[in-house]
Amino acid sequence: DERDAENKRIVYGGIPLNHRQRSILARALRLPDAKFRIRYHQTTHNIVYATARADLIDLAEKGYLTYENTGLGAPFIFYPAPDLVRKLRSGERQP
């Protein structure tokens, strides 16, 4: 549909991200209440834990995701930023 096409255009635009990060953002746009965990990302993309963690932390540092540290078994849970669409469209980065 039209929304999916717009989301693809946003995610696959000029923002320098790897294919794994693009898949995270595509899911975040489809499911604004999505939660992302390092282990799940690791398993889905068949990558080591450090790479999965780096992908998600990088997206959070760029302002596309937010996260909380639960201190439990899966210490970091990442969420789409509330203004994700605007940030992706503008290419805005947060310090």
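Helix 2 and helix 4 pack at an angle of about 55 degrees, and their axes lie 10 Å apart. Axes here are lines fitted to C-alpha atoms, for helices over the stretch in contact, and angles run from 0 to 180 degrees between N-to-C directions. The two helices are therefore oblique to each other; angles under 35 degrees count as roughly parallel, over 145 as roughly antiparallel, 65 to 115 as roughly perpendicular and the rest as oblique. Their crossing is right-handed, a term used if the near helix is turned clockwise from the far one by less than a right angle.

Helix 2 contributes Arg20, Gln21, Ile24 and Leu25 to the contact, and helix 4 contributes Thr51, Asp55, Leu56, Asp58 and Leu59 (contact means heavy atoms within 4.5 Å). By class, these residues comprise 4 nonpolar, 2 polar and 3 charged.

The model is a predicted one, in which local features need pLDDT of at least 70 and side-chain atom pairs count only at pLDDT 80 or more, while totals for chains, interfaces and linings use all residues. Residues are numbered from 1 along each chain as its sequence is written, and side-chain values use heavy atoms, with hydrogens and water left out. Helices (H or I, at least four residues) and strands (E, at least two) are DSSP runs, numbered from the N terminus.

Arginine 20, in helix 2, is buried, with a relative accessible area of 15%. Buried denotes under 20% relative accessible area, exposed over 50%, and partly exposed in between (1.4 Å probe, protein chains only). Leaving aside residues up to four places away in sequence, arginine 20 touches His41, His45, Ile47, Thr51 and Asp55.

Helix 3 spans residues 38-45, and Ile38, His41 and Gln42 are buried in it. Seen down the helix axis, these buried residues fall within an arc of 100 degrees, so they line one face of helix 3; the arc is that of the directions from the helix axis to the C-beta atoms. On the other side of helix 3, Arg39, Tyr40 and Thr43 are exposed. The elements below are among those covering the buried residues of helix 3.

| Covering element | Residues |
|---|---|
| Helix 2 | residues 19-30 |
| Strand 1 | residues 36-37 |
| Helix 4 | residues 49-61 |
| Strand 3 | residues 76-80 |

Asparagine 46 follows helix 3 and is found in the loop between helix 3 and helix 4. Its phi is near 55 degrees, a positive value in a residue other than glycine. At 72% relative accessibility, asparagine 46 counts as exposed.

Definitions and conventions
Ala, Val, Leu, Ile, Met, Phe, Trp, Tyr, Cys and Pro count as nonpolar, Asp, Glu, Lys and Arg as charged, and the others, Gly among them, as polar.
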